[in-house]
Amino acid sequence: FTILHKIERVKELLFYNELSLTEISYLMNYSSVSHLSNQFKKITGLTPTYFKQMRNKRLNTLESL
């Protein structure tokens with residue numbers, strides 16, 4: 001449960017795009033960016049970077065409407 005909650009918070013932080021992955025991993029008390037990335041992929045099936053790219057593509061699509 002705790003891991004799922006942390007990953008949801010990481011998703012929020014990635015969505016708002018204000019912090020780097022390194023800053024997020026530190027903020028969420030992960031031992032490293034690698035540990036965060038592995039856990040994120042295990043839970044969501046996506047890498048944090050890909051998740052961030054999907055968000056950017058959606059925003060670009062909405063802006064072009």
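Trainee: At what angle do the axes of helix H1 and helix H3 cross?

Mentor: In this predicted model, the axes of H1 (residues 2-16) and H3 (residues 33-44) cross at roughly 100° and come within 10 Å. Angles of 65 to 115 degrees count as roughly perpendicular, so H1 is roughly perpendicular to H3.

Trainee: Which residues in H1 and H3 meet?

Mentor: From H1 come Ile3, Leu4, Ile7, Val10, Lys11 and Leu14, and they meet Leu36, Gln39, Phe40, Ile43 and Thr44 of H3. Sorted by class, this contact has 8 nonpolar, 2 polar and 1 charged residues.

Trainee: Now the rings. How many aromatic pairs are there?

Mentor: Rings pair if their centres lie within 6.5 Å, and planes over 60 degrees apart count as edge-to-face. The count here is 2 aromatic pairs. One is Phe15 with Tyr16, edge-to-face, with 5.6 Å centre to centre and 80° between the planes. Phe15 is partly exposed at 41% relative accessibility, while Tyr16, at 54%, is exposed.

Trainee: What about Phe40 and Phe51: how are their rings arranged?

Mentor: They are edge-to-face, with centres 5.6 Å apart and 70° between the planes. Phe40 belongs to helix H3 and Phe51 to helix H4 (residues 48-63), so this pair ties together parts that are 11 residues apart in sequence.

Trainee: Are Phe40 and Phe51 buried or exposed?

Mentor: Buried means under 20% relative accessible area. Phe40 has 0% relative accessibility, so Phe40 counts as buried. Phe51 is buried too, with a relative accessible area of 18%.

Trainee: Where does the charged end of Lys6 sit?

Mentor: Over the ring of Tyr30, 4.1 Å from the ring's centre.

Definitions and conventions
Residues are numbered from 1 along each chain as its sequence is written. This is a predicted model: local features need pLDDT of at least 70, side-chain atom pairs count only at pLDDT 80 or more; totals for chains, interfaces and linings use all residues. Side-chain values use heavy atoms; hydrogens and water are left out. Axes are lines fitted to C-alpha atoms, for helices over the stretch in contact, and angles run from 0 to 180 degrees between N-to-C directions. Helices (H or I, at least four residues) and strands (E, at least two) are DSSP runs, numbered from the N terminus. Angles under 35 degrees count as roughly parallel, over 145 as roughly antiparallel, 65 to 115 as roughly perpendicular and the rest as oblique. Contact means heavy atoms within 4.5 Å. Ala, Val, Leu, Ile, Met, Phe, Trp, Tyr, Cys and Pro count as nonpolar, Asp, Glu, Lys and Arg as charged, and the others, Gly among them, as polar. Rings of Phe, Tyr and Trp (its six-membered ring) pair if their centres lie within 6.5 Å; planes under 30 degrees apart count as stacked, over 60 as edge-to-face and the rest as tilted. Buried means under 20% relative accessible area, exposed over 50%, partly exposed in between (1.4 Å probe, protein chains only). A charge sits over a ring if NZ of Lys or CZ of Arg is within 6 Å of the ring centre and within 35 degrees of the ring normal.
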